[in-house]
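User: Please examine the model shown below and answer a series of questions on its backbone and domains.

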Amino acid sequence: MNKRVEAVQISGIRKVYNKASKYDNVISLTLGQPDFPVPDIINKAMIRAIEDGKTVYTSNAGILELRREICNYLRKININYNPEEVIITVGGSEGLYATFMAILNEGDKVLMPAIGYPAYENITKMLGGTMLTYDLNGDFSINFDSLIQGLDNGAKVLVLSYPSNPLGATLSKDDKEKLYKIIKDRDILIITDEIYASLCFEDGYNSIAQYEDIKEKIIYISGFSKMFSMTGLRLGYVCANSKYIDQIVKVHQYGVSCAPSIVQWAVVDGLKYCMNEINVMKASFIERKNFVYKKLLELGLEVNDPKGAFYIFPSIKKFNMTSEEFCDRLLESKRIACVPGTAFGDKGEGYIRISYCYSKESLEKALEGIEEFIKEL
Ligand code: PMP
């Protein structure tokens, strides 16, 4: 076995999901899977693509029509790339993997949020890189002293992840400007994972990729799993200057050849005609978020109001239990599954992640169960 791969654990999110599947009648708030159907326009376009025989390999980078539509979409949030700077990947996951593989040498230091999506840490470790972390403040914004310390410790890559899984935090305009000033004159490469960009609850979207003059330091990763509620259809993308794209495309080619052809064709229509569906989903997530946030406050939990994505990350520190113990006992006694904060890094101890992309009825029942559980403690 490869020793680095052996040393890596399967994701803590999947572990809880597997534990929960052993019980009957569990309300599982564990996965980041929106409960909306795929927009009809996308389904129809996929069927049309099959009927038209568009079932063959595409170019490695993906069909030009889709790369163009992605550029048009990104332009609306003030991010400018041209189609030659885009690779269509098998989900954001493959985009992340191919990117890390293309840029990391053994021992390279990757600076990532202390509480973040587990792929950053584990891909880094599988490739022989070294993980450094930057702390977050109480409101889950970046702790800039800690970030600068990490950069001074020789980080080659800085990972940004907004809107955040698991925190629901977004990048504020002030923090974007602070980051820009720090990055501008440093020799650092940024990987910005913005897979939840379409689920930002505030007006105006902030991304480090909006600064034209530091674009040669940025690799932008996103995808359609969350945007079009199509997690199983596996489509994402990477945008970057050609010096990165030329290398990333090699990893992509030897790993997967190309992303699924019919899904690529379908998402061209998605980007052209389904913006309204996205707004409907977003409005529904905001409603559910408001419900869950209010309820958690009523239960006396310390919790930040999420500004994007569909996760909330309350503190359970006052119950004097580890996150894992809290989640295990909640599952055993109330049949409700949440993810321990430690699935997202050691600094996640004392928190749990609740995915609120489930039906209102499930959320209501789950919160009633959590209320009973807390009362019994
Ligand atoms: N980045 C983040 C922050 C995520 O939460 C996820 C999925 N949960 C991904 C990337 C990868 O998503 P996919 O491969 O489905 O595009």
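User: In which loop is the place of Pro166?
Analyst: This is a predicted model, in which local features need pLDDT of at least 70, side-chain atom pairs count only at pLDDT 80 or more, and totals for chains, interfaces and linings use all residues. Residues are numbered from 1 along each chain as its sequence is written, and side-chain values use heavy atoms, with hydrogens and water left out. Helices (H or I, at least four residues) and strands (E, at least two) are DSSP runs numbered from the N terminus. On that basis, Pro166 is placed in the loop between β5 and α8.

User: What is the omega of the peptide bond from Asn165 to Pro166, and what is omega for the bond that joins Tyr162 and Pro163?
Analyst: Most peptide bonds are trans. The bond from Asn165 to Pro166 is cis, with omega near 20°. Pro163 lies in the loop between β5 (155-161) and α8. Tyr162 and Pro163 are likewise joined by a cis peptide bond, and its omega is about -15°.

User: Which loop holds Ser229, and what is its phi?
Analyst: Most residues other than glycine have a negative phi. Ser229 is in the loop between β7 (218-223) and β8 (236-240). Although Ser229 is not a glycine, its phi is positive, at about 50°.

User: What area is buried between domain 1 and domain 2, and which three residues supply 21% of the area that domain 1 buries?
Analyst: Buried area is the accessible area (1.4 Å probe) that two parts lose on being put together, summed over both. Between domain 1 and domain 2 this comes to about 3,000 Å², with carbon and sulfur atoms giving 61%. Of the area that domain 1 buries against domain 2, 21% is supplied by three residues, more than by any other three: Arg4, Ile278 and Lys307.

User: How many salt bridges does the rule find across the interface of domain 1 and domain 2?
Analyst: A salt bridge is a side-chain nitrogen of Lys or Arg within 4 Å of a carboxyl oxygen of Asp or Glu. The whole structure has 21 salt bridges. Across the interface of domain 1 and domain 2, the number found is two.

User: Why does the salt bridge of Arg186 and Asp152 tie together parts that are apart in sequence?
Analyst: The closest N and O atoms of Arg186 and Asp152 are 2.9 Å apart. Arg186 lies in the loop between α8 (173-184) and β6 (189-193), whereas Asp152 is in helix α7 (residues 144-152), so the pair ties together parts whose separation in sequence is 34 residues.
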